[in-house]
Amino acid sequence: MSEAAARAESVEARPVRGHELRRHQRVRVALLGRYMLSDRREYPCQTVDMSPGGIKVTCAVLGQIGERVVFYLEQIGRVEGVIARHPGSGTLAAQFTASPRKRDKIASQLTWLANREHLGLPEGRTHERLTPNNPVVTLRLASGRELTARVIDISMSGVAIATETTPPLGTSLMVGSTPSRVVRYFEGGIGAQFMLPISADRFHEGIRL
């Protein structure tokens, strides 16, 4: 086992006992995201717990045992797996089919997430960022007011926007057609987090939010 995976396993999540034994101990972490079933339909989800080898999420559509599933998770990105069981009402558990290298990356990300709040660490940028070919975007506030702004850069989980308007932190808004919320300010603009991460196949310089 790699050092990164060992670090993730050392993070206390919940007791592992009896029939709950896993190859990797799971870390309790709540991340928003979505998942795609084998018929290519996508649905929102939220993680309950996760390890370098698997995940449990709350969701509306459970899928079939043995069905291929692809997760797009904030802070983590894209991970493929197979549905292993339905542990309770409205939840599914999946085993990842990721490479050892990807599992090591997940282990490092989980270690960071599990310890960030406890250690008072700042949020890191865990997703690659790019600048779209067409950076002009329309912001629509809850009041219905619309503003023209410019995308500075974008990741699968959020966007930095050049604008003179500074809605309160936590405010919901539409960035183009993408539901988002304001999470930070910087000189000359705001940072917004997407309510659901954008999919990997949309994440390129030609993206339109």
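Predicted model: local features only at pLDDT ≥ 70, side-chain atom pairs only at ≥ 80, totals over all residues.

Here are some questions and answers about this protein.

User: What percentage of the 209 residues is buried?

Analyst: Buried means under 20% relative accessible area, exposed over 50%, and partly exposed in between (1.4 Å probe, protein chains only). Of the 209 residues in the protein, the buried share is 46%.

User: Which strand does E6 pair with over six bridges?

Analyst: Two strands pair if DSSP finds at least two bridges between them. Strand E6 covers residues 77-88, and its six bridges are antiparallel. A hairpin with three residues between its strands is formed here, and Gln75 in the turn has a positive phi of about 75°. The partner over six bridges is E5.

User: And which residue in E7 is the bridge partner of Gly81?

Analyst: E6 also runs antiparallel to strand E7 (residues 91-96), joined by five bridges. These two strands form a hairpin with two residues between them, where Gly90 in the turn has a positive phi of about 75°. In E7, the bridge partner of Gly81 is Phe96.

User: How many aromatic pairs does a search of the whole structure find?

Analyst: Rings of Phe, Tyr and Trp (its six-membered ring) pair if their centres lie within 6.5 Å; planes under 30 degrees apart count as stacked, over 60 as edge-to-face and the rest as tilted. With that rule, the number of aromatic pairs found is two.

User: Is the pair of Tyr35 and Tyr43 stacked, edge-to-face or tilted, and what makes it so?

Analyst: The ring centres of Tyr35 and Tyr43 are 5.6 Å apart. Their planes meet at 40°, so the pair is tilted.

User: Which residue in strand E5 pairs with Tyr35?

Analyst: This second ring pair is also tilted, at 6.4 Å centre to centre with 40° between the planes. Tyr35 lies in strand E2 (residues 32-36) and its partner in strand E5 (residues 68-73), so the pair ties together parts that are 36 residues apart in sequence.

User: Is Thr178 buried or exposed?

Analyst: Thr178 lies in strand E12 (residues 178-186). Leaving aside neighbours within four places in sequence, Thr178 is in contact (heavy atoms within 4.5 Å) with Leu173, Phe194 and Leu209. At 8% relative accessibility, Thr178 counts as buried.

User: What is the relative accessible area of Pro197?

Analyst: Pro197 lies in the segment after strand E13 (189-194). Leaving aside neighbours within four places in sequence, its contacts include Leu32, Arg34, Tyr72 and Met156. Pro197 is buried, with a relative accessible area of 3%.

How values were computed: Residues numbered from 1 in each chain as written. Heavy atoms only, no water. Helix = DSSP H or I, 4+ residues; strand = E, 2+ residues; numbered from the N terminus.
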